[in-house]
Structure formats: structure tokens, C-alpha cells
Amino acid sequence: MQILRNAEISDAIRIAQIHRLARFTAMPWLPVVHSSEEDLVFFSETVLPNETVRLIEIETEIAGFIAFRGDWLNHLYVHPDFWGRGFGSQLLNNAKAASKRLQLWTFQGNNAARSFYELHQFSEVERTDGANNEELTPDVRMVWDASDRWD
């Protein structure tokens, strides 16, 4: 059984684990700048209390999560065991349904993420050399705007 629900503080450990594993798996070249303990503190004390965090649960297993605040989509991660099943799309569509506009940063070298967001009608609007992100890795800002739709 699949459930889409709001995350709770008790989900923080699993969310931090999925974040770390998905990043390592998708981007093994990305510098690691935080410990797993720091990730847990970040999700427990910053993300969960201050952002809308939704997750997909399969039976009792969290398959993935999305976190957004205002028009910023800050996190969308799916556990690698659940890749390719449409969970990322479900989470993103849920955030889009709650927003008129979303923007995000992703790394230029993360071709899978960039393709995923382009498939979901995001457009690249800015590229940087990465000097302003923690990983010091070139990134790209992408934007989706509901008013750009042609339905």
C-alpha cells in the first residue's frame, strides 16, 4: 500500500538516511561536506520545522520525500531501491499542485536530475561556477511556472 503524507519529526532519521544514500548513489563525484550526524540535525532542526515536507511510504518504508518552502523546492530524494517507479514524479506533482511557481538548484553534472526537471516543465534560468554553494560545484537554477502551461 502506498501513502503520500506529511512528514513528522519522527521521520527525520530515515529522511536524512535517504538524502545521504540518494546523493552518494546519484552523484558519487560530489564532495561530501557534512557528516551523517550533521545531516540528521539539519533535517530535524531546520527542514522539518520550517518547510513543507511530504513523503511517500510503501507499506512502512519511506520511499522518498520532497521539501519546499514558498516557491523554493529544496529537496527531492527517492531511495535508490525505489528509483524508476514514478515516486519522484508523484512528489513533484504534489508540490506543483500546491504552488504557482517553483524554483530549485541542482548541480550541472547531475544530468539525471536536470532531465527529470526538464521533463516536468522546469527551465534552466541561471548557471553558476558553484562558488556560492557548500560543495563548490557548478550548479544550475531551474524554474517551473504554472502560468507557462499550454493546457
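## Basis of the description

A residue counts as buried under 20% relative accessible area, as exposed over 50%, and as partly exposed in between, using a 1.4 Å probe and protein chains only. The model is predicted, and local features need pLDDT of at least 70, side-chain atom pairs count only at pLDDT 80 or more, while totals for chains, interfaces and linings use all residues. Residues are numbered from 1 along each chain as its sequence is written, and side-chain values use heavy atoms, leaving out hydrogens and water.

## Loop residues with positive phi

Most residues other than glycine have a negative phi. E59, which is not a glycine, has a positive phi of about 55°. E59 is located in the loop between β2 and β3, where helices (H or I, at least four residues) and strands (E, at least two) are DSSP runs numbered from the N terminus. With a relative accessible area of 53%, E59 is exposed.

L136 also has a positive phi, near 55°. This residue lies in the loop between β6 (123-128) and β7, and L136 counts as exposed at 60% relative accessibility.

## Helix α1

A12 is found in helix α1 and is buried at 2% relative accessibility. Leaving aside neighbours within four places in sequence, A12 is in contact (heavy atoms within 4.5 Å) with L40, S44 and L48. The C-alpha atoms of A12 and L48 are separated by 7.6 Å, although the two residues are 36 residues apart along the chain.

R20 lies in helix α1 as well, and R20 is buried with a relative accessible area of 19%. Beyond its neighbours within four places in sequence, R20 is in contact with V32, H34, S35, S36 and D39.

## Nonpolar cores

A nonpolar core is a set of buried Ala, Val, Leu, Ile, Met, Phe, Trp, Tyr and Cys residues joined through side-chain atoms within 4.5 Å. The largest has 21 residues, of which I66, L73, L92, Y117 and F122 touch the most other members. Two or more residues of this core come from each of β2 (52-58), β3 (61-69), β4, α3, β5, α4 and β7 (139-145); α3 gives the most, with four residues.

Y117 touches L73, L76, L92, L104, F122 and M142, not counting residues up to four places away in sequence. A second, separate core of 15 residues includes F43, V47, F65 and Y77.

## Aromatic pairs

Rings of Phe, Tyr and Trp (its six-membered ring) pair if their centres lie within 6.5 Å; planes under 30 degrees apart count as stacked, over 60 as edge-to-face and the rest as tilted. The count by this rule is seven aromatic pairs. The W29 and F107 rings have their centres 6.4 Å apart and their planes at 90°, so this pair is edge-to-face. Because W29 lies in the loop between α1 and α2 and F107 in strand β5, the pair ties together parts that are 78 residues apart in sequence. W29 is partly exposed at 41% relative accessibility, whereas F107 is buried at 10%.

F116 and Y117 form an edge-to-face pair, 5.2 Å centre to centre with 75° between the planes. F116 is partly exposed at 22% and Y117 is buried at 7%. One aromatic cluster is formed by F42, F43, F65 and Y77.
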